[in-house]
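Please read it alongside the sequence and the model.

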Amino acid sequence: MADVAANNASHPNETPKNVFDFGTFVGDLIVEEDTSSDDISLEGLQQELEECKNDDVVANILSKGIKLREYTKGVENNLRQVELDSIQDYIKESDNLVSLHDQIRDCDSILSQMETLLSGFQAEIGSISSDIKILQEKSMDMGLKLKNRKVAESKLAKFVEDIIVPPRMVDIIVDGEVNDEYMRTLDILSKKLKFVEVDPMVKASKALKDVQPELEKLRQKAVSKVFDFIVQKLQALRKPKTNIQILQQNVLLKYKYVISFLKEHSKEVYGEVRAAYIDTMNKVLSAHFRAYIQALEKLQLDIATSNDLIGVETRSTSLFSRGREPLKNRSAVFALGERLNVLKEIDQPALIPHIAEASSLKYPYEVLFRSLHKLLMDTATSEYLFCDEFFGEESIFYDIFAGPFAVIDEHFNSILPNCYDAIGLMLMIRIIHQHQLIMSRRRIPCLDSYLDKVNISLWPRFKMVFDMHLGSLRNANVKLLWEDDIHPHYVMRRYAEFTASLIHLNVEYGDGQLELNMERLRMAVDDVLMKLAKLFSKPKLQIVFLINNYDMTIAVLKEAGPEGGKFQLHFEELLKSNTGLFVEELLVEHFSDLIKFVKTRASEDPNASSERPITVAEVEPLVKDFASRWKAAIELMHKDVITSFSNFLCGMEILRAALTQLLLYYTRLSDCIKRINGGTALNKDLVSISSIMYEIRKYSRTF
């Protein structure tokens, strides 16, 4: 208040708008002195007044200008009046209040009874809760006992089931026939035997003492019975004409569990069965292969002997030995021909000897070789898979096939040292390679070592026979080989066919060592051919002989396909060079003076100063001579070529080359005459180039 008064005093003439003058409306506040006035604090009064000025009631009072003291007295009077009115109302409602009091008291009594009842219920519920808790604990205990008993019961039941010997099982093992039911019973017995042998707790049980003797008796009885059964089945394999594979697949494999039972519960008896099967199959398969080989030997067609070599003269071979052989077999020594079919039929079934013998068919040895090894592959594959499935052992196969391998080796070792057929040996090498691929695709490894051994034995023999051919050329007696015949020599034909055959058999293999040996053979035959050619008295005949042989060799190599390669190219170069030599020889024979002049004088310049210039007199005889007989000479050349060369096409090519060369010589002569002084006088005797060209075309049309 002091602050308000101070403010009013400091600004007597300023009256802010919208602000009440509390001093005007309230008036002078007279504060009586009181002993407690020292405790009253007016701090914050101004703030409270500021807040009250926004109150609607306070603002209404202040706006009407009512003094606070008067307003307070009015309020107190109103309160007193309200209090009196309330008392009157209470007196009027006294009866109702008494009734309400009675009702409240009755309710209180009822609620007290309910409280007592609920307290009893609460006590009983507490008792029931404890009982439920006890029952729950008992239930959990009983559940645990039940679970333990069930576990014990299951283990005990399994123990009893595994150790007990049912009467039905005893009857089947002792008196039953070996069939599917017997197999199932054996399986049950096997499980019981394993159970009593493996589990240490079972060994300590008293029940085992009663059961074990019975189980042992059953085991011995079962072992004895199945042993007799299997041995009986194995004896069926020894019967003649028995289809072993059908017996294995349809009979023995049905009882393969018998072998597993013996392997697990009687190793000694299993060893006896295993040995019996090995002995049986060894003898049976050995006998089969021996009989098959003997039948095949009757079908063998002998192709080559030690004298059937490239460089051996035909007159040295015995006429009597050759009289028994068809002529076509002689060509098969060096030519591949239809013998290649054995590789195309590599996976065909093996030969049936009695059918082939009935048809009087004979085969080269490589056909019999393929057939024998085809039978071996199929038999080995079947036996290997059977042994793996029936015995669960792969090693047993090698014990069984020791006999068949020995039989085949014995046969092969008797054939190989007497085999001089190089083409047949190479075919056998390729057959073995194809058979290795077939076994690889089958994923059967049982013949790997055997096929490798056969392959290793074939290569040295092939190399030896090849070297015999090579030696026959290097050591050939040329005088014995020589025949007074310019046509292709039989030695060269042998070489060409032999080389073409080996090239064809090496296409897919690219054997570098074989190519190296063939190159050595080519060098040797080149040397022999040159020696034979030199035995002809005339150079022209020597050249014709060489051309005929080179042309024949190229033709044979071409039949082998594009694989002729460097060998064909070599002989084509030789043919080309010798063709050029023959053309010169042929032209010199008929036009020697003309060719001599063209080569020595035609290139000189007649106008140049020379000791001996070319004159018309020197050229005139040449021109007249050519004009008089050039057509007759060409006809003679044509006849000479026709009679000299075996290959008509080759002869015509050579004739055309000779005529073309003659045209070149005559053209040079004509050019030379044009440069000679007075050479025009010879024009009437000159043969026109077009006439010669016409004659050349006439002979060209003949082929």
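Does Ser360 count as buried or exposed? At 63% relative accessibility, Ser360 counts as exposed, where exposed means over 50% relative accessible area, buried under 20% and partly exposed in between (1.4 Å probe, protein chains only). The model is predicted, so local features need pLDDT of at least 70 and side-chain atom pairs count only at pLDDT 80 or more, while totals for chains, interfaces and linings use all residues. Residues are numbered from 1 along each chain as its sequence is written, and side-chain values use heavy atoms, with hydrogens and water left out.

**Positive phi**

- Ser360 has a phi near 60 degrees, a positive value in a residue other than glycine.
- Ser360 sits in the loop between helix 17 (353-358) and helix 18 (365-390); helices are DSSP runs of H or I with at least four residues, numbered from the N terminus.
- Arg443, also not a glycine, has a positive phi of about 60 degrees.
- The loop between helix 21 (422-442) and helix 22 (448-474) holds Arg443, which is exposed at a relative accessible area of 74%.
- Most residues other than glycine have a negative phi.

**Salt bridges**

- The structure holds 26 salt bridges, a salt bridge being a side-chain nitrogen of Lys or Arg within 4 Å of a carboxyl oxygen of Asp or Glu.
- Lys540 and Asp640 form a salt bridge in which the closest N and O atoms are 2.0 Å apart.
- This pair links distant parts of the chain, 100 residues apart, with Lys540 in helix 26 (residues 539-559) and Asp640 in helix 28 (residues 616-644).
- Lys540 is buried, with a relative accessible area of 13%, and Asp640 counts as buried at 15%.
- Lys145 and Asp141 meet in a salt bridge of 3.5 Å, N to O.
- Lys145 and Asp141 are separated by about one helical turn because they are four residues apart in helix 6.
- Lys145 counts as partly exposed at 45% relative accessibility, and Asp141 is partly exposed at 37%.
- Glu584 and Lys599 are joined by a salt bridge of 3.2 Å, N to O; Glu584 counts as partly exposed at 22% relative accessibility, and Lys599 is partly exposed at 48%.

**Surface patches**

- Ile110, Leu111, Met114, Leu117, Leu118, Phe121 and Ile125 make a nonpolar surface patch of about 710 Å².
- Patches are made of residues with over 30% relative accessible area and no salt bridge, with like charges joined within 9 Å and nonpolar side chains (Val, Leu, Ile, Met, Phe, Trp, Tyr) within 5 Å.
- Accessible areas come from the Shrake-Rupley method with a 1.4 Å probe, and for residues only the protein chains shown count as cover.
- Phe121 is in helix 6 and counts as partly exposed at 40% relative accessibility.
- Asp85, Asp89, Glu93 and Asp95 gather in a surface patch of negative charge.
- Lys and Arg count as positive and Asp and Glu as negative, while His and the chain ends are not counted; the place of a charge is NZ of Lys, CZ of Arg, CG of Asp or CD of Glu.
- Asp95 lies in helix 6 (residues 94-163) and is exposed, with a relative accessible area of 62%.

Notes:
Helix = DSSP H or I, 4+ residues; strand = E, 2+ residues; numbered from the N terminus.
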